Amino acid sequence: MERYRQIFENNKKWVESKLIHDPDYFLRLSAGQSPDFLYIGCADSRVPANEIMGLEPGEVFVHRNVANLVVNTDLNVHSVIEYAVEHLKVKHVIVCGHYGCGGVNAAMSSRDLGLLNPWLREIRDVFRIHRNELMAIEDEQERAKRLVELNVQEQCVRVIKTAVVQKRYLKEGYPKVHGWVFDLHDGLLKDLHIPFEQILEGIREIYRLEV
Ligand code: CO
């Protein structure tokens, strides 16, 4: 209970620290938001989006779930994407994975995790698509790391496939989609510089919508 109550003490201190620097801080915060970034990341408690990006409240729209998935039928993530791209007009959509991801590791094992099974199957599908590359990596940890990266890549492709992203990109050249990985060992963010042009070459016709 002590730890629980501490939260409200922390919160009051946080409010004070904001007001010291800017008495109008919450006046501005309550006026509205126009973040440049949509961040889709893992729910893992060790990967706090704002903090690792060095961004303040109001600067990044955040969606997190187990293993940073963009499941095609997930109304939750697609509502977030729709709202961020169409209404908030974010300029960048980031899918951020992290090495040592429990979700990715679980997908690599054959343990029965109940309700999590269909969710993790999405990652197993990523494994299947990139099976040759992954099976060529002998070291299990290195293979898991590469799966984290390829999972980010596939989720980025799913973002690009959405109508809302295609439409706005065609009109305005935005949003740009980026794949990142966060490394818990050194705290650094890595831009994977995913070659989307190359990846989408050949499959563009499949996902292209009339806009
Ligand atoms: Co994770």
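**View 1. A negative surface patch made by Glu-138, Asp-139, Glu-140 and Glu-142.** Patches are built from residues with over 30% relative accessible area and no salt bridge, like charges being joined within 9 Å; Asp and Glu count as negative, and the place of a charge is taken as CG of Asp or CD of Glu. This is a predicted model, in which local features need pLDDT of at least 70 and side-chain atom pairs count only at pLDDT 80 or more, while totals for chains, interfaces and linings use all residues. Residues are numbered from 1 along each chain as its sequence is written, and side-chain values use heavy atoms, with hydrogens and water left out. Glu-138 counts as exposed because its relative accessibility is 74%, where exposed means over 50% relative accessible area, buried under 20% and partly exposed in between (1.4 Å probe, protein chains only).

**View 2. The salt bridge between the side chains of Glu-56 and Lys-18.** The N to O distance of this pair is 2.7 Å, a salt bridge being a side-chain nitrogen of Lys or Arg within 4 Å of a carboxyl oxygen of Asp or Glu. The pair links distant parts of the chain, 38 residues apart, with Glu-56 in the loop between α3 (49-53) and β2 (60-65) and Lys-18 in helix α1 (residues 2-21). Glu-56 is partly exposed at 36% relative accessibility, whereas Lys-18, at 15%, counts as buried.

**View 3. The salt bridge between the side chains of Asp-44 and Arg-46.** Here the N to O distance is 2.7 Å. Asp-44 counts as buried, with a relative accessibility of 15%, while Arg-46 is partly exposed at 45%.

**View 4. A network of salt bridges that links Glu-133, Arg-146, Glu-149 and Lys-190.** One of the contacts to look for joins the side chains of Lys-190 and Glu-149, at 3.4 Å from N to O. Lys-190 lies in strand β5 (residues 189-191) and Glu-149 in helix α8, so this pair ties together parts that are 41 residues apart in sequence. Lys-190 is partly exposed, with a relative accessible area of 38%, whereas Glu-149 counts as buried at 13% relative accessibility. A search of the whole structure finds 10 salt bridges.

Methods:
Patch = residues over 30% accessible without salt bridge, like charges linked within 9 Å, V, L, I, M, F, W, Y side chains within 5 Å. Areas by Shrake-Rupley, 256 points an atom, 1.4 Å probe, with all protein chains shown as cover. Helix = DSSP H or I, 4+ residues; strand = E, 2+ residues; numbered from the N terminus.
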